[in-house]
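I am opening a notebook on this structure. The entries follow the order in which I looked things up.

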Amino acid sequence: MTETATRAATILPGTTATGAQTTLGVMGGGQLGRMFVQAAQAMGYFTAVLDPDPASPAGLVSHFHIQADYLDEQALAQLMQRCSAITTEFENVPAAALHTLGAHRPVAPGARAVAIAQNRIQEKQFFNRCGVATAPWAAIESEADLAAVSDALLPGVLKTARLGYDGKGQVRVASRAALGEAWRQLGAVPCVLERLLPLVDECSVIVARGWNGQTVHYPLQRNLHRDGILAVTEAFEGNLPYPGVNRALDAAKTIADELGYVGVLCVEFFVLADGSLVANEMAPRPHNSGHHTVDSCDLSQFEAQVRTLAGLPLVAPRQHSAAVMLNLLGDLWFDGEGRARTPAWVEVLALPGAHLHLYGKLQARPGRKMGHLTFTAASAAEVRATAARAAALLGMAPW
């Protein structure tokens, strides 16, 4: 069953007939919300953010910041009062809050899509119902499930069904004894066990789908993760020289259609040694791997988010430059002895095609996403060479 939401007429930016400013809302105040707010404001919308953090990156730049818990009834009512339509910036916003909002305002993505993405068991079941391949897997929700696990799933990766991201809530296991120990170490909460497969690469595809079902997409992105956190994204022709890799786009479109999805959706895939693909997970929002689109495309993923939410015309994005994006983690603000330092921004910004995006976070911590750095150029060779130079200047590992 799809979740095709109803909505009002196209929501135009600027001043309404009553003299009020058209306002778009976002649940969540992190960097994705910040970039949505900036895209919406550039188009002439006012914005409102609901987030409990008084120094949230999105709240600091929005017209309105409602500082409250995501399930606070008065805060949700205030958001609805201010906003003509509402989106979310990350998948761990409670689906119940989106359901409440969706009863009164256009909300994209809808509560059902977010709820599925919040639970790895439901997500994998949904992928498989859509005919999208995944790694062989099993749900583990009880001691009985643990005992029933097939030996064919080992060695594998045990992942919590909820709240795992950026490599959190995951343990590699090679034996049944290690599996049991890992499950209890994770709190005996519902988990999925995925068989380890011979991976040669990772990629992601981002699609944007409107209220009328029209879908556009961005070129496939090649991704490199370190310690479970995205480190590098490459976006240029020939970045994924594997047979059949374009099936990722068809799979992502199928997932969006089956959900009746509205908004920007990212699906991450593993590329296997034979060139085939398995879906890893989906993100019902703009994605870290798509940040380069702000600088490399004529329609960024954040403007696409605004357009889908507001029912504006959705045109196919055109990538005008080869791009490499480097994730900037808080580790870069410390030297090898743990002393605070300032990254080499002057030297980095002297490189051609450099675009620095810092998220306004007030404190750097190891592993914390502080910003990203995108390089654009006319060719893949040029952009890779420049990005590699920047990585060296910043003390990042080569790739």
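How many bridges join S15 to strand S17 (residues 369–377), and do they run parallel or antiparallel? I found 8 bridges between S15 and S17, and the two strands run antiparallel. Strands count as paired here if DSSP finds at least two bridges between them.

**Entry: ground rules.** I noted that this is a predicted model, in which local features need pLDDT of at least 70, side-chain atom pairs count only at pLDDT 80 or more, and totals for chains, interfaces and linings use all residues. Residues are numbered from 1 along each chain as its sequence is written, and side-chain values use heavy atoms, with hydrogens and water left out.

**Entry: the whole chain.** I looked up the elements and found 13 helices and 17 strands in the protein chain. Helices (H or I, at least four residues) and strands (E, at least two) are DSSP runs, numbered from the N terminus. The radius of gyration is 21 Å, close to the 21 Å that the globule rule gives for 399 residues, so the chain is as compact as a globular protein of that length. That radius is taken over C-alpha atoms, and the rule is 2.2 Å times the number of residues to the power 0.38. Along the principal axes, the C-alpha atoms fill a box of roughly 65 × 50 × 45 Å.

I then checked burial, and 54% of the 399 residues count as buried. Buried means under 20% relative accessible area, exposed over 50%, and partly exposed in between (1.4 Å probe, protein chains only). Among contacts with a separation of 6 or more, 63% are between residues 24 or more positions apart. Contact means heavy atoms within 4.5 Å.

**Entry: strand S15.** I went back to S15, which spans residues 322–329, and found 8 of its 8 residues buried. Ala322, Val324, Leu326 and Leu328 lie on one side, with Ala323, Met325, Asn327 and Leu329 on the other. Both faces are covered. On the S17 side, I noted that Leu329 has Lys369 as its bridge partner. S15 also pairs with strand S12 (residues 229–235), through 4 bridges and in antiparallel fashion.

**Entry: strand S4 and Thr87.** Which way do the residues of strand S4 (residues 85–88) point? I found Ala85 and Thr87 pointing one way and Ile86 and Thr88 the other, and all are buried. Strand S1 (residues 23–27) runs parallel to S4 and is joined to it by 4 bridges. Gly25 stands opposite Ile86.

I looked at Thr87 separately. Its relative accessibility is 1%, so Thr87 counts as buried. Beyond its neighbours within four places in sequence, Thr87 is in contact with Gly25, Val26, Met27, Phe36, Ala108, Pro109, Gln305 and Leu309. Ser175 is 88 residues from Thr87 along the chain, and their C-alpha atoms are separated by 43 Å.

**Entry: two cis bonds.** Pro109, one of the contacts of Thr87, is joined to Ala108 by a cis peptide bond with omega of about 5 degrees. Pro109 is in the loop between helix H4 (95–102) and helix H5 (111–117). I also found a cis peptide bond from Leu154 to Pro155, with omega near -5 degrees. Pro155 sits in the loop between helix H7 (143–148) and strand S6 (156–160).

**Entry: two loop residues.** Is Lys361 buried or exposed? Its relative accessibility is 18%, so Lys361 counts as buried. Lys361 is in the loop between strand S16 (354–358) and S17. Leaving aside neighbours within four places in sequence, its contacts are Gln31, Pro57, Arg368, Lys369 and Met370.

Arg318, in the loop between helix H11 (301–310) and S15, has 60% relative accessibility and so counts as exposed.

**Entry: positive phi.** I listed Ala188, which has a positive phi of about 55 degrees although it is not a glycine. Ala188 is in the loop between helix H8 (176–185) and strand S8 (191–195), and is partly exposed at 34% relative accessible area. Asp227 also has a positive phi of about 55 degrees without being a glycine. Asp227 lies in the loop between strand S11 (221–226) and S12, and is exposed, with a relative accessible area of 77%.
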